[in-house]
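Open the model in a viewer and keep the selection panel at hand. The stops below say what to select next and what is there.

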Amino acid sequence: MRLRNTIIVLVLFAIVGGYAFIISHYSQTEATQKLIAVKQDDIAKIELKYSDRDIVLERDKGKPWRLVKPVGADADQAQANNLARAIAEGALVRTVDDKPADLAPFGLKPPTTTVTVTTFDNKPLPSIEVGKATPIGFNTYVQLSNNPAVLLTEGAFAAGMNKTVNDLRVRDLMAFKIDDVQKLIIARDNGQSVEIDRDGDNWKIVKPAPSPADDTAVRLALGTLVNARASDFVADAPATVNQYGLEKPHLTATVVLKNGEQQSMLFGFKQNEQGKSGIYVRRGERAPVYAVAEYVMTGLEKSPLDFRDKTVVKIDPEAVETVKVKNSDGEFTLKRAPVGKWDVIAGGKTSEGDIPVVERLLNQFRDLKAESIVADPMPSAQPFGLDNPALEITLIGKDGKELGMVKLAKISVKSTSPPIPGEPPNRTEYYATSSTSKAVYALSDFSFEQLNKPAPLYMSKAPAPPLPQAASSPAK
């Protein structure tokens, strides 16, 4: 009985296995037939003809695409390559009518688009005439110039062939690497300008007055410039640029590269067309006028103070021997003790300091930075609350000399804008000044609160005494 069952199972396995083999061997996926036999990399020229425009793209072997009609301009390589790929991969779904009596029902009299490609070896290829979409399904009617039949291709093909010049033009306006920039100059129409030079791995402001620059602010400005994209192509060869505000631009941003090459972008008026909000720009003295998003000019329209290094004070924590603190609670001192410890002296008493908390305070002075520089020099301490600071911290070195002193203020300012329901009518602002600068800085609330701690928070928290152990009951 067992032998018979075993034989039955083996026979069934043989039948199933044989069937699977036959299916896998003979059920080969039919290769998709293409509209025209061409490879993407072999296409040298693409012509797109519409009822209202002609567009021609060309390239030499191994070279980038260029627009040659209706304007001569660099092409967006991604867009051009996608177009060539769509043509090469255009699939023939099926034949609708071998000899149609009328092409109008298919949207092919006249076609919406005629696509013609030329290969590097000038291989003869038919043009593809694109009609309308099918009433049911997601296909499009097409016809080849060497065949009277109406064919079907995938619906995406028609959308991929529907291009404007602006779709295919490169939108990059400036081409440089930030690390290759040696100088950045931003000039305004009011005569004010700022010039920033590379100083090794850092940046320094040269004009209007020499000072260290904020590396992050400079790199953000350069990033804004190099990443600017044309949102609109306004005029390729304008007779005048006065109407765009580019005869005397509002702002000019110039970069000078290490090899001496110079690139500039000029910013003019805001676009006045309905539904558009860009800013008119041009590259140096080149003819074309473009538009860019408003944030591009906003990211560059900065004052010298915006580019200044915003370090309030910079002190090596290891060089600090004593920290004197004055705040609303009174005065206390943090002083180094033997074996890497700290003492907290407050109210005539000395307590052991909480080492991590003290060191965290000192590390903030390693490179204390503000959010912005409000004024330099500070015109008056009173408007910023620095005539009566909420906090004053003095750091003294091992030789007893002052390393630096910082004053911090916290003031309430009445909002001038209409109040928002549920929000307080006043806002709190935080300011600082230091003995190493004449400037007044704006601080974040976080920076202020991290520095404004009372003496007890710097004291070591003695561990709680262990709980008494309950007496064990005698064994019974």
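Start by selecting Thr113: leaving aside neighbours within four places in sequence, it is in contact (heavy atoms within 4.5 Å) with Lys49, Tyr50, Ile128, Glu129, Val130 and Met161. Thr113 lies in strand β6. Thr113 is buried, with a relative accessible area of 5%; buried means under 20% relative accessible area, exposed over 50%, partly exposed in between, with a 1.4 Å probe and protein chains only.

Two notes on what is shown. This is a predicted model, in which local features need pLDDT of at least 70 and side-chain atom pairs count only at pLDDT 80 or more, while totals for chains, interfaces and linings use all residues. Residues are numbered from 1 along each chain as its sequence is written, and side-chain values use heavy atoms, with hydrogens and water left out.

Now display the whole chain as a cartoon. The protein chain has nine helices and 29 strands; these are DSSP runs numbered from the N terminus, helices being H or I with at least four residues and strands E with at least two. Of its 476 residues, 40% are buried.

Select helix α2, residues 77-88. Its twelve residues should span 16 Å at 1.5 Å a residue, and its end C-alpha atoms are 16 Å apart, which agrees; the expected span is 1.5 Å times one less than the number of residues. Colour Ala80, Leu83, Ala84, Ile87 and Ala88, which are buried. Seen down the axis of α2, the buried residues fall within an arc of 135°, so they line one face of the helix; the arc is that of the directions from the helix axis to the C-beta atoms. Their cover includes β1 (43-49), β2 (54-58), β6 (113-119) and α3 (155-161). At the start of α2, show Asp76: one of its side-chain oxygens is within 3.1 Å of the backbone nitrogen of Ala78.

Next, select helix α8, residues 355-364, where Val357, Val358, Leu361, Leu362 and Gln364 are buried. An arc of only 160° around the axis puts them on the same side of α8. Among the elements they pack against are β20 (320-327), β26 (391-397) and α9 (445-451).

Finish at the largest nonpolar core, which has 35 residues. Such a core is a set of buried Ala, Val, Leu, Ile, Met, Phe, Trp, Tyr and Cys residues joined through side-chain atoms within 4.5 Å. Phe176, Ile196, Val255, Phe267, Leu300 and Phe307 touch the most other members. Helix α5 (residues 215-226) supplies the largest share, six residues. Centre on Phe307: beyond four places in sequence, its contacts include Ile186, Val194, Ile196, Ala217, Val218 and Lys302.

Note on methods. Polar contact = N/O pair within 3.5 Å; in protein donor to acceptor, adjacent residues only side chain to side chain.
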